[in-house]
Amino acid sequence: MSRPRITRTRTHISTAEPSPAPGAADAQASLQLLRLLHLASPALPIGAFHFSQGLEYAVETGWVTDEASALQWIGGIAGASLGTLDLPVLLRLQTAWKQNDHDGVLRWNSFLIACRETEELRAEDRHLGAALLRVLAEMDLVTDLFSANAAKSVVGVSHATAFAFATSRWGIEPEAALQTFAWAWIENQVLAAVKLVPLGQSAAQRMLHRLTARIPPLVEQAHKLTDSDIGISTALSAVASGRHETQYSRLFRS
């Protein structure tokens, strides 16, 4: 009697790689948002509230007298300086930091500070950048590329350079970083206008609401600008900043 024939079939079951823990991506995104809110906070001890970027002289000389003229002044600088210089350079700085391209970081840092048209604006940028690096050091975020006394060096470190260093190390997307930087600048200018014009809190909120709507187009434009397109066209702001250096009565630092 013959034995029954047995047929064996091999079955290969492929197993997928373990999936990330549920909610891990959302938690990371939430943490990045909170990091950005920290960087944009007026309570961040870098001294941004000390500076008006020429707005104080513009009020003193009668160029800015009310909500409408303050909105026009701030919006004009946002469109012809923040959006065409600071934001595109910030984008390049963040890329350079992510790629550990130190030459690129130094080049764009020097370029940005050189584009500041007055000694007052250069001193402000160096002050904010060095102060932010000191704050980041308290969070164990340090770089050997700039010294602790960077504000006193020949070139210094710009605010955008230190900001890009933080956002790149925290894995924050460029678009979110640029939007946050722009928001912080606009808020600081509006707060300066509130003190100087002066304006009420309701006027300040209306201005913030209108200026915030301009941020996405500025960020989109920053992504499109080539290196040769980067620059500024804010001659009146430069005049205001230069004359503010010798203004007799001042609330803001020069």
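The model is predicted, so local features need pLDDT of at least 70 and side-chain atom pairs count only at pLDDT 80 or more, while totals for chains, interfaces and linings use all residues. Residues are numbered from 1 along each chain as its sequence is written, and side-chain values use heavy atoms, with hydrogens and water left out.

**Overall architecture**

The chain holds 10 helices and zero strands, where helices (H or I, at least four residues) and strands (E, at least two) are DSSP runs numbered from the N terminus. Read from the N terminus, the order of elements is α-α-α-α-α-α-α-α-α-α. Of the 254 residues in the chain, 48% are buried; buried means under 20% relative accessible area, exposed over 50%, and partly exposed in between, with a 1.4 Å probe and protein chains only. Contact means heavy atoms within 4.5 Å. Among contacts in the chain between residues at least 6 apart in sequence, 81% join residues at least 24 apart.

**Salt bridges**

Side chains of opposite charge can pair when their charged atoms come close. A salt bridge is a side-chain nitrogen of Lys or Arg within 4 Å of a carboxyl oxygen of Asp or Glu, and six salt bridges are counted by this rule. Three of them are set out below.

| Salt bridge | N to O distance |
|---|---|
| R116 and D86 | 2.6 Å |
| E119 and R122 | 3.3 Å |
| K224 and E220 | 3.3 Å |

In the salt bridge of R116 with D86, at 2.6 Å from N to O, R116 lies in the loop between helix 4 (102-114) and helix 5 (119-137) and D86 in helix 3 (residues 67-98), so the pair ties together parts that are 30 residues apart in sequence. Both R116 and D86 are buried.

E119 and R122 stand three residues apart in helix 5, a separation of about one helical turn. E119 is partly exposed, its relative accessible area being 43%, and R122 is partly exposed at 23% relative accessibility.

K224 and E220 are four residues apart in helix 9 (residues 215-224), again separated by about one helical turn. K224 is exposed at 61% relative accessibility, whereas E220 is partly exposed with a relative accessible area of 45%. Elsewhere, salt bridges that share partners join D86, R116 and D125 into one network.

What is the setting of D125 in the chain? D125 lies in helix 5 and is buried, with 5% relative accessibility. When its neighbours within four places in sequence are left aside, D125 is in contact with L112, I113, R116, V157, S158 and H159.

D125 is also one of the residues through which helix 5 meets helix 6. The axes of helix 5 and helix 6 (residues 159-169) come within 7 Å and cross at roughly 25 degrees. Here axes are lines fitted to C-alpha atoms, for helices over the stretch in contact, and angles run from 0 to 180 degrees between N-to-C directions. Angles under 35 degrees count as roughly parallel, over 145 as roughly antiparallel, 65 to 115 as roughly perpendicular and the rest as oblique; helix 5 and helix 6 are therefore roughly parallel to each other.

On the side of helix 5, D125, L128, G129, L132, L133 and L136 take part, and they meet H159, A162, F163, F165 and A166 in helix 6. By class, this contact has eight nonpolar, two polar and one charged residues. Ala, Val, Leu, Ile, Met, Phe, Trp, Tyr, Cys and Pro count as nonpolar, Asp, Glu, Lys and Arg as charged, and the others, Gly among them, as polar.

**Aromatic pairs**

Rings of Phe, Tyr and Trp (its six-membered ring) pair if their centres lie within 6.5 Å; planes under 30 degrees apart count as stacked, over 60 as edge-to-face and the rest as tilted. By this rule there are five aromatic pairs. The ring centres of Y57 and W63 lie 5.7 Å apart with planes at 80 degrees, so the pair is edge-to-face. Y57 is buried at 13% relative accessibility, while W63 is partly exposed with a relative accessible area of 32%.

The rings of W108 and F111 have centres 5.3 Å apart and planes at 80 degrees, so this pair is edge-to-face. W108 and F111 both lie in helix 4, three residues apart, about one turn of the helix. W108 is buried, with a relative accessible area of 8%, and F111 is partly exposed at 31% relative accessibility. Ring pairs also link Y57, W63 and W73 into a cluster.
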